[in-house]
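The sequence and structure come first, and the notes follow by topic.

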Amino acid sequence: GVALSTMIGGGWGGGAVPNATGMAEFAIDVSSVDAQSATGGVRINFIPRDGGNRMSGTIFGGFTQESFASDNFSGSDVQARGLLAPPRIKGNGDFNPGVGGPITRDRAWFFLSGRYLYAENYVAGMFYNQNVNNPNRFDYVSSGEQAFIHQDQQIFQVNTTWQATARNRFGVTFDQESFCGCTAGVSATTAPEAGNDSRFPLQRFITADWTSPMT
């Protein structure tokens, strides 16, 4: 059996997101939960990945930018009705490597992983205000540069597993993350300087599990 090690991934837990490379399984529970859970609703259990007796790794990467997307704005109805600029992708990327192997063969293993991802999207119909930080002006004047929202996430994770006896296995997972949604809340009617930042500069999760089959 595999012990379940729950790490909060959102809601009241903050801006944490799962590190796919560092996880062996995502268990989704849609039924009622017991009193040990702080909230109801759907619960997702992130089960960390163990290393093994052979050094091995995996890597995932993804990237896109503005030029990768087609234009469905020019000549459209919304342009004819006065929208000055459409919502567009500015750029996003995801880099998620992981490697694991033995500390002591048949006895102890490790798995080390990390993740960096970011997303930037232009806001429909909104431009930066050229009067920002000018104490003599309180009016909005478009700079002509389209506003965008930015998010980025950085994750470092290490899992160690110890096979103490044939029936007892112990594991410890250390996960440290940072998240910045800066600036968020920008829209066609909200200028960037009126938006808000969602910053979680340090989130640390340390979980331990013990697996012991009954039969």
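R199 and D197 join their side chains in a salt bridge, with N and O 2.8 Å apart; a salt bridge here is a side-chain nitrogen of Lys or Arg within 4 Å of a carboxyl oxygen of Asp or Glu. The model is predicted, so local features need pLDDT of at least 70 and side-chain atom pairs count only at pLDDT 80 or more, while totals for chains, interfaces and linings use all residues. Residues are numbered from 1 along each chain as its sequence is written, and side-chain values use heavy atoms, with hydrogens and water left out.

**Salt bridges**

- Side chains of opposite charge can pair when their charged atoms come close.
- The count of salt bridges comes to six.
- In the pair of R199 and D197, R199 is exposed at 54% relative accessible area, and D197 is partly exposed at 39%. The classes are buried under 20%, exposed over 50% and partly exposed in between, with a 1.4 Å probe and protein chains only.
- K90 forms a salt bridge with E120, the closest N and O atoms being 3.5 Å apart. This pair links distant parts of the chain, with K90 in strand β4 (residues 88–104) and E120 in strand β5 (residues 108–129), 30 residues apart. Strands (E, at least two residues) and helices (H or I, at least four) are DSSP runs, numbered from the N terminus.
- K90 is partly exposed at 28% relative accessibility, whereas E120 is buried at 15%.
- D94 and R115 meet in another salt bridge, at 2.6 Å from N to O. D94 lies in strand β4 and R115 in strand β5, so the pair ties together parts that are 21 residues apart in sequence.
- D94 is buried at 15% relative accessibility, and R115 is buried at 17%.

**Aromatic rings**

- The structure holds nine aromatic pairs. Rings of Phe, Tyr and Trp (its six-membered ring) pair if their centres lie within 6.5 Å; planes under 30 degrees apart are stacked, over 60 edge-to-face and the rest tilted.
- One of the pairs is F26 with F46, edge-to-face, at 5.4 Å centre to centre and 80 degrees between the planes. F26 in strand β1 and F46 in strand β2 (residues 43–48) are 20 residues apart, and the pair links distant parts of the chain.
- F46 is buried, with a relative accessible area of 7%, while F26 is partly exposed at 38%.
- Y122, Y128 and F148 form one aromatic cluster.
- The charged end of R88 sits over the ring of Y122, 4.2 Å from its centre, and K90 lies over the face of F148, 4.7 Å from the ring centre. The criterion is NZ of Lys or CZ of Arg within 6 Å of the ring centre and within 35 degrees of the ring normal.

**Nonpolar surface patch**

- F26, I28, V30, V42 and I44 form a nonpolar patch on the surface, together exposing about 500 Å² of accessible area. Accessible areas come from the Shrake-Rupley method with a 1.4 Å probe, and for residues only the protein chains shown count as cover.
- Patches are made of residues with over 30% relative accessible area and no salt bridge; nonpolar side chains (Val, Leu, Ile, Met, Phe, Trp, Tyr) are joined within 5 Å, like charges within 9 Å.
- F26 is found in strand β1 (residues 23–29).

**Loop residue T190**

- T190 is in the loop between β7 (168–184) and β8 (196–211), and is partly exposed at 23% relative accessible area.
- Not counting residues up to four places away in sequence, T190 touches M126, G185 and G195; contact means heavy atoms within 4.5 Å.
- T190 and V123 are 67 residues apart in sequence and 9.9 Å apart in space, C-alpha to C-alpha.
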